[in-house]
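These are my notebook entries on one structure. I set down what I looked up, item by item.

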Amino acid sequence: MPSTEADALIRALVRPAVQEMRAYHVPPARGLIKLDAMENPYSWPQAVREQWLGALRDAEINRYPDPQAADLKAALRRSQAIPDAADLLLGNGSDELIQLLGMALGGESRTVLSPGPGFAMYRLIAGFTGMEFVEVPLRGEDFALDMPAMRRAIAECRPAIIYLAYPNNPTGNAFDAEQVREILDLAPGVVVLDEAYHAFCGESFIDLVPDRPQLLVMRTLSKMGLAGLRLGFLVAQPAWIRELEKCRLPYNINTLTQRSTLFALEHETLLEEQTARIRADRELLLEQLQRLPAVVKAWPSRANFITFRSRSGSAATIHARLRESGILIKCLDGSHPLLHDCLRVTVGSTGENRAFVDALAAVGEG
Ligand SMILES: *Cc1c(COP(=O)(O)O)cnc(C)c1O
């Protein structure tokens, strides 16, 4: 095999923590109804698409992008009601911001702590930025924070970073706000409130930023309808943003993303109508899931997905049968002890949700 020399080099050179990792796997979805990745299912009306292309027409793609993305930041400030006393840092998706935090705060003897089951990237990125990852299990029944366990873990591990996804992925619940505040009080390092699903939740910690030097609030435009553009942002006190800017690559937000996002924010009501519809459909979908014999439990959600438990041992079969019917959801069984027999479905368009419920009902009968 010609690769043996490369293999030997890799074993000698690549950091052991990276050698032990497995790359993040995204399953192929071509031709399927895609309900696995929390995307907004709706596109823009043709007339809006034409205007968008018009806004891109004179983009100078022979030039580097605006490294400060000043116009975009001003639009985000307005759109997202960012406090005047806070500043923002842009990332190529919030995934890149998690990586940037790892590079700035990481290193041996530095710990990342997060409740679990949680967002996979916290652990993955801790791995390749040389940080220890400590997971504190959520309560099994309702996925609430286990506060005695959190207090103990924070005192013992002294984490440099605590990640709290609010609402949490893949469980869909928003943690108790009082408990989040207690964690802010206890934290010896920074607390990143990951508000990726803010558009579907309503509640936020962003207004606390001016009073809380340890609080970093992270959001993304991915889940509200712009996943293809890759834009995330971190909101924190200006001193933090100045420091973290040192680790940001100067042109991480490309010209097409800057222009397209500006355009999208000018047409924000469109996105708001879409997310409102998704929120309403989420409640309908939850009721329908709770009535299906194949579903043992479906948890209420503050995000744009629903996690549910199927009968013991049936999750993989359900996932495969849905796939045969042309519907892709996420099988969570095996990913975490608290998620045995669980699956996660993204709230799609009204028609997609109906197709999913029908297919799941058919699996239950067959
Ligand atoms: C999807 C998701 C992200 C990543 O969002 P991008 O901006 O697309 O990188 C971050 N945090 C949580 C909790 C998510 O579910």
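Entry 1, a loop serine. I looked up Ser301 and found this residue in the loop between E9 and E10. The model is a predicted one, and I read every entry below with that in mind. Is Ser301 buried or exposed? I noted a relative accessibility of 9% for Ser301. Buried means under 20%, so Ser301 counts as buried. I then checked the side chain of Ser301, and a polar atom of that side chain lies 2.6 Å from the backbone oxygen of Phe305.

Entry 2, the sheet. I next traced the strands and found that 4 of them form an open sheet, in the order E9-E10-E13-E12, with antiparallel pairing. Which strands stand at the edges? They are E9 (295-298) and E12 (330-331). Each of these has a single partner strand, so one side of each is left without a neighbour in the sheet. I also examined the pairing of E10 (residues 305-310) with E13 (residues 342-346), which is antiparallel and runs over 5 bridges. In this part of the sheet I found Arg309 opposite Cys342 of E13.

I checked the length of H5 against expectation. The helix has 12 residues, and at 1.5 Å a residue it should span 16 Å. The C-alpha atoms at its ends are 16 Å apart, which agrees. I listed the buried residues of H5 as Ser94, Glu96, Leu97, Ile98, Leu100, Leu101, Gly102 and Leu105. After H5 comes Gly107, and I recorded a positive phi for Gly107, near 125 degrees.

Entry 4, the ligand. I asked which residues come nearest to the ligand. Of the 14 residues around the ligand, these are Asp194, Tyr197, Thr220, Ser222 and Lys223. By type, I divided the residues of the shell into 5 nonpolar, 5 polar and 4 charged.

I then looked up distances to oxygen atoms of the ligand. A backbone N or O atom of Ser94 is 2.7 Å from one such oxygen. For Asp95, a polar backbone atom lies 3.0 Å from an oxygen atom of the ligand.

How much of the ligand does the protein bury? The ligand taken alone exposes 390 Å², and the protein buries 94% of that. Finally, I noted that helix H5 (94-105) and helix H9 (222-226) are the elements that give two or more residues to the shell around the ligand.

Conventions: Residues numbered from 1 in each chain as written. Predicted model: local features only at pLDDT ≥ 70, side-chain atom pairs only at ≥ 80, totals over all residues. Heavy atoms only, no water. Near = heavy atom within 4 Å. Polar contact = N/O pair within 3.5 Å; in protein donor to acceptor, adjacent residues only side chain to side chain. Areas by Shrake-Rupley, 256 points an atom, 1.4 Å probe, with all protein chains shown as cover. Nonpolar A, V, L, I, M, F, W, Y, C, P; charged D, E, K, R; others polar. Pairing = 2+ DSSP bridges. Expected span 1.5 Å × (residues − 1). Buried < 20%, exposed > 50% of the residue type's maximum accessible area, 1.4 Å probe, protein only.
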